[in-house]
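Welcome! Take a moment to look over the sequence and the model below, and then we will walk through a few of its features together.

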Amino acid sequence: MPNQLPASIQLTTAAAAGIEPEAPVIMGHGLQVRLWDGDLLLQMSAWGERGFPFSAFDMGFLKEPARMAEFTGWLGRDNRHLHLAAIEADRAVGRVSVNFRDPAGIYIWGVHVPPEYEGRGVCTRMLQALLGWLDTRDCGELVLSVNSFAHGARRIYERLGFAPVETRWQFDPALDADLRRLPPGQHGPVEGHVRFSLGRWEVRTFLMRRPAPGRK
Ligand SMILES: CC(C)(COP(=O)(O)OP(=O)(O)OC[C@H]1O[C@@H](n2cnc3c(N)ncnc32)[C@H](O)[C@@H]1OP(=O)(O)O)[C@@H](O)C(=O)NCCC(=O)NCCS
């Protein structure tokens, strides 16, 4: 059955950020978590990048005006997701998106903390704030997926109550592009986590679920 949006959640596009009164501003764990706006996108465009095998998360493409225009155009049309940034001392230090219309359930994705803010609990605190907010709105079970080479992310998700329920082979265009550029034998951190199938690279991912509070 398609996922139902809880009545208490207002889906708000980033285009409406700053003018939509119901747009969530989640406070807690030393962070403010709120919708992306133009200033936050500019900050994210200047974040440090990791490159392979995490290129899909890098936001530097937003430095190109044409790509920024294309991206904000998409955000303006998007009515499936909340795109949120974690803010600490007026600086964007992390981001996370929630898809309220995924067939698998309320789906958390795009969890990203740039290298310069890593290892200070930003991801943990950002997700604690988000999960707490979703729980108060009776969102029920939450879902996310993690690439099997992303050991650190998986540890965080497990500490927050997510457990792997399924393994999938997934096509990730950015990872596929990276792997095509790299000579064989230089797949380092993803060795054993990727396979070439039907003409493209796929990555092993774990689907993880976190039951609604009070449910097993
Ligand atoms: C994975 C990622 C989001 C983690 O972000 P982060 O902010 O560094 O994560 P945290 O600081 O919360 O946790 C990382 C470690 O720092 C520790 N830590 C350090 N200071 C901390 C603090 N003040 N509070 C809580 N934890 C802290 C955590 O315990 C954790 O330890 P562990 O690696 O032994 O489990 C980030 O590395 C990233 O963006 N990676 C690339 C993209 C990616 O893989 N995203 C996930 C896709 S599913």
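Let's begin with Leu144. Leaving aside residues up to four places away in sequence, Leu144 touches Tyr107, Ile108, Trp109, Tyr157, Phe162 and Met208. Keep in mind as you explore that this is a predicted model.

## The nonpolar core

Which residues have the most contacts inside the largest nonpolar core? They are Met126, Leu130 and Leu144, and the core itself has 44 residues. Helix H3, covering residues 122–136, gives the most to this core, with 8 residues.

Here is a general idea to take along: in soluble globular proteins, nonpolar side chains tend to be buried together.

## Around the ligand

How many residues surround the ligand? There are 19, and the closest are Val113, Gly121, Cys123, Thr124 and Ala153. Strand S5 (106–112), H3 and helix H4 (151–159) are the elements that give two or more residues to this shell. H4 gives the most, with 4 residues.

What kinds of residues make up the shell around the ligand? You will find 10 nonpolar, 5 polar and 4 charged residues there.

## A look at Arg180

Now turn to helix H5 (residues 173–181), where Arg180 is found. Is Arg180 buried or exposed? Arg180 counts as exposed because it has 10 C-beta neighbours inside 10 Å, and the cut-off for exposed is 12 or fewer.

Arg180 and Arg200 are 20 residues apart in sequence, and their C-alpha atoms are 8.8 Å apart in space.

How values were computed:
Residues are numbered from 1 along each chain as its sequence is written. This is a predicted model: local features need pLDDT of at least 70, side-chain atom pairs count only at pLDDT 80 or more; totals for chains, interfaces and linings use all residues. A nonpolar core is a set of buried Ala, Val, Leu, Ile, Met, Phe, Trp, Tyr and Cys residues joined through C-beta atoms within 7 Å. A residue is buried if 20 or more other C-beta atoms lie within 10 Å of its own, exposed if 12 or fewer, and partly exposed in between; C-beta atoms are placed from the backbone. Two residues are in contact if their C-beta atoms, placed from the backbone, lie within 7 Å. A residue is near a molecule or strand if its C-beta atom, placed from the backbone, lies within 6 Å of it. Ala, Val, Leu, Ile, Met, Phe, Trp, Tyr, Cys and Pro count as nonpolar, Asp, Glu, Lys and Arg as charged, and the others, Gly among them, as polar.
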